[in-house]
Amino acid sequence: MEEAHWLNSGHLPKAEDYLNNGIVSTGVHVVLEHAFFLLDHVSGITKETIDILDENFPNVIYSVAKILRLSDDLEGAKSGDQNGLDGSYLDCYMSEHQDISSEDVQRHVAHMISNEWKCLNQEILVTNQFSSSFSNFCLNAARMVPLMYHYKSNPSLSNLQEHVNSLINVSVGCN
């Protein structure tokens with residue numbers, strides 16, 4: 001709803017405000033929290049892990065959502081899919097820093113994504129508070145982000161859908 005308000009007002013928010021809202025609006029936290037309960041079943045769930053999930057965003061979930069939000073905005077800018085109607089972190093950042101070029105903003109966002117990967121790796125490898133199955137799910141979700149955006153442009157990914165479909169058909173027992 002916040003994005004709709006910004007769109008209707010014709011006013012771009014501050015880049016930080018856009019990003020904070022955008023991290024939530026990705027819906028990644030909903031998917032990952034559902035995955036937590038599906039992967040860890042009852043035996044792997046403790047009061048401590050539930051308390052961590054009750055926080056605003058556990059760092060591991062925050063990092064995955066931030067990687068997705070920034071990647072989406074960056075790839076939209078690179079492909080020209082941003083038509084100015086939905087805003088992006090890049091638009092907001094350029095509005096605040098009017099002396100910066102589009103290429104410099106793209107490099108800045110790529111650097112932010114790289115830093116968030118470092119944070120995610122730190123969370124998973126050092127300060128991990130979750131089971132390995134959930135941590136791996138989060139890591140794999142973040143790994144899927146570049147695949148989603150380079151699916152059509154990367155010939156080595158052209159058979160990805162076929163492979164995924166075959167896995168689904170095998171696991172369900174359908175032909």
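## A pair one turn apart in α5

Asp73 and Arg69 sit 4 residues apart in helix α5, about one turn of the helix; helices here are DSSP runs of H or I with at least four residues, strands are runs of E with at least two, and both are numbered from the N terminus. The two side chains form a salt bridge, with their closest N and O atoms 3.3 Å apart. A salt bridge is counted when a side-chain nitrogen of Lys or Arg lies within 4 Å of a carboxyl oxygen of Asp or Glu. Salt bridges that share partners join Arg69, Asp72 and Asp73 into one network.

Are Asp73 and Arg69 buried or exposed? Asp73 is buried, at 1% relative accessible area, and Arg69 is buried as well, at 11%. Buried stands for under 20% relative accessible area, exposed for over 50%, and partly exposed for what falls in between (1.4 Å probe, protein chains only).

## About the model

Please keep in mind that this is a predicted model, in which local features need pLDDT of at least 70 and side-chain atom pairs count only at pLDDT 80 or more, while totals for chains, interfaces and linings use all residues. Residues are numbered from 1 along each chain as its sequence is written, and side-chain values use heavy atoms, with hydrogens and water left out.

## The chain as a whole

The secondary structure comes to 9 helices and 0 strands, which gives the pattern α-α-α-α-α-α-α-α-α along the sequence. Of the 175 residues, 32% count as buried. The chain exposes about 10,900 Å², and carbon and sulfur atoms supply 54% of that area (Shrake-Rupley method with a 1.4 Å probe; for residues, only the protein chains shown count as cover).

How do contacts relate to sequence distance? Among those between residues at least 6 apart in sequence, 67% join residues at least 24 apart; a contact means heavy atoms within 4.5 Å.

## The other salt bridges

The count of salt bridges comes to 5. One of them joins the side chains of Lys66 and Glu116, at 3.4 Å from N to O. This pair links distant parts of the chain, with Lys66 in helix α5 and Glu116 in helix α7, 50 residues apart. Lys66 counts as buried at 13% relative accessibility, and Glu116 is buried at 6%.

Lys47 and Asp51 also meet in a salt bridge, 3.2 Å from N to O. Both lie in helix α4, 4 residues apart, about one turn of the helix. Here Lys47 is exposed, with a relative accessible area of 59%, whereas Asp51 counts as partly exposed at 38%.

## The nonpolar core

The largest nonpolar core has 35 residues, and those with the most contacts inside it are Val60, Tyr89, Val109, Leu120 and Phe134. Such a core is a set of buried Ala, Val, Leu, Ile, Met, Phe, Trp, Tyr and Cys residues joined through side-chain atoms within 4.5 Å. Two or more residues each come from α2 (15–25), α3, α4 (47–54), α5 (59–79), α6 (89–96), α7 (102–125) and α8 (132–150). Of these, α5 gives the most, with 8 residues.

Helix α7 has 24 residues, so at 1.5 Å a residue it should span 34 Å; its end C-alpha atoms are 35 Å apart, which agrees. The expected span is 1.5 Å times one less than the number of residues. The buried residues of α7 include Val109, Ile113, Glu116 and Leu120.

Ser71 lies in helix α5 and counts as buried at 10% relative accessibility. Leaving aside neighbours within four places in sequence, Ser71 is in contact with Ile113, Val145 and Tyr149. From Ser71 to Val109 the C-alpha distance is 8.2 Å, across 38 residues of sequence.

His29, in helix α3, counts as buried at 17% relative accessibility. Not counting residues up to four places away in sequence, His29 touches Val24, Phe57 and Ile61.

## A nonpolar patch on the surface

Val31, Leu38, Leu39 and Phe137 form a nonpolar patch on the surface, with about 360 Å² of accessible area together. Patches are made of residues with over 30% relative accessible area and no salt bridge; like charges are joined within 9 Å, and nonpolar side chains (Val, Leu, Ile, Met, Phe, Trp, Tyr) within 5 Å. Helix α3 (residues 28–40) gives the most to the patch, with 3 residues. Leu39 lies in helix α3 and is partly exposed, at 32% relative accessible area.
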